[in-house]
Amino acid sequence: MNPVMNRRNFVATGAVVAVAGLSGNMNEMAQGATASVTVQEGAKIALLPPNQEGGMPLQEALAKRKTTRLYQEKMLDLQTLSDLLWSANGINRADGRRTAPSALNSQEILPYVMLKNGVYRYLPTENVLERVAEGDFRKLAGNQEYTHTAPVTLIYVADLNLSKVSPETVDTYAAVNCGFVGQNIYLFATSVGLASVFRGSIDRPALTKLLKLAARQVVLYAQTVGFADEEKVMASPIRLK
């Protein structure tokens, strides 16, 4: 048997019919998440109040969480984008604390959002996206081709000026705190039928310049979110040994 086999042919054998059915159900869930308002890009994007109910049970989301690198160009709707950003690092308590933990409540992770026509900074206290650059800069968000057309990419910046930990541990804690935000996104995306990938292959010097970052504001990682391109996933080769 040829060790490389097309996923579509593999499904056709009947060996993974159940998996194919699961993918279809997840895709339907994602399609159903787009029944809200279209995102209108501008100097500011006013986000909607986050939906804090629904989604799949945590254990199910953990079981289904995975990385995906094939995306449709289709944009998320405004409610889904709002829920995504709140899940990433939004305010979930009256005292201003966040959905993602940070050492000594430093809150030093600043999510920026790359969309088709602009780059925005997420301001959780105002629940808005504020544009910092107009235009399509998605090629700076990754070396892989899929990052250039995927609808949403988060750029995680650590503002080390905000960190309250000791100088010798500031970098380590920033990386850990960024990882918490990334996992929040993975679980949210899974729970609503979206796809995601957390990445380190980005143009950090170009992004630093684009975002006009100050001293001790450091670009750490990026994370793409969107609808999985099931056609490409099923057509891509798999190895049987």
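About 40 Å³ of space lies in the largest cavity of this model, and the structure holds 1 cavity of 30 Å³ or more. Keep in mind that this is a predicted model, where local features need pLDDT of at least 70 and side-chain atom pairs count only at pLDDT 80 or more, while totals for chains, interfaces and linings use all residues. Residues are numbered from 1 along each chain as its sequence is written, and side-chain values use heavy atoms, with hydrogens and water left out.

**The cavity**

- Rolling a probe the size of a water molecule over the atoms shows where empty space is left.
- Here a cavity is a set of points, on a 1 Å grid over the protein atoms alone, where a 1.4 Å probe fits but cannot get out, and lining residues have an atom within 4 Å of a point.
- Grid points are joined across faces, edges and corners, and the volume is the space filled by probe spheres set on the points.
- The largest cavity has a lining made up of Asn89, Ala100, Pro101, Ser102, Gln107, Glu108, Ile109, Asn177 and Val181.
- Sorted by class, that lining has 4 nonpolar, 4 polar and 1 charged residues; Ala, Val, Leu, Ile, Met, Phe, Trp, Tyr, Cys and Pro count as nonpolar, Asp, Glu, Lys and Arg as charged, and the others, Gly among them, as polar.

**The chain as a whole**

- The chain has 7 helices and 9 strands, taken as DSSP runs (helices H or I, at least four residues; strands E, at least two) and numbered from the N terminus.
- Of its 241 residues, 46% count as buried, where buried means under 20% relative accessible area, exposed means over 50% and partly exposed is in between (1.4 Å probe, protein chains only).
- The accessible surface comes to about 12200 Å², with 53% of it belonging to carbon and sulfur atoms; the areas come from the Shrake-Rupley method with a 1.4 Å probe.
- Take the contacts (heavy atoms within 4.5 Å): among those between residues at least 6 apart in sequence, 76% join residues at least 24 apart.

**Thr153, in a strand**

- You'll find Thr153 in strand β6, residues 152-159.
- Thr153 has a relative accessible area of 1%, so it counts as buried.
- Its side chain makes a polar contact with the side chain of Thr224 at 3.0 Å; a polar contact is a pair of N or O atoms within 3.5 Å, and within protein one must be able to donate a hydrogen and the other to accept it, with residues adjacent in sequence counting only if both atoms are side-chain atoms.
- Setting aside neighbours within four places in sequence, Thr153 is in contact with Tyr112, Val113, Met114, Ala141, Arg199, Ala222, Gln223 and Thr224.

- Ile45 sits in strand β2 (residues 44-46) and is buried, because its relative accessible area is 3%.
- Beyond neighbours within four places in sequence, Ile45 is in contact with Val39, Gln40, Leu78, Leu115, Tyr120, Val128 and Leu129.
- Leu76 is in the loop between α3 (58-64) and α4, and with a relative accessible area of 2% it is buried.
- Leu76 and Phe227 are 151 residues apart in sequence, yet their C-alpha atoms are 8.2 Å apart in space.
- Phe227 is also one of the residues in contact with Leu76 once neighbours within four places in sequence are left aside, and others include Val39, Pro151 and Leu194.

**Loops worth a look**

- Most residues other than glycine have a negative phi.
- Gln107 isn't a glycine, but has a positive phi of about 50 degrees; it lies in the loop between α4 (78-89) and β3 (109-115).
- Asn127 also has a positive phi, near 55 degrees, in the loop between β4 (118-123) and β5 (128-134), and at 18% relative accessibility it counts as buried.
- Met56 is in the loop between β2 and α3 and counts as buried at 13% relative accessibility.
- From Met56 to Phe188 the C-alpha distance is 9.1 Å, for residues 132 apart in sequence.
- Lys139, in the loop between β5 and β6, is exposed, with a relative accessible area of 64%.
- The C-alpha atoms of Lys139 and Ile202 are 8.9 Å apart, and the two residues are 63 apart in sequence.

Notes: 1 Å grid on protein atoms, 1.4 Å probe; cavity = no way out; pocket = protein on both sides within 12 Å on 5 of 7 lines; lining within 4 Å.
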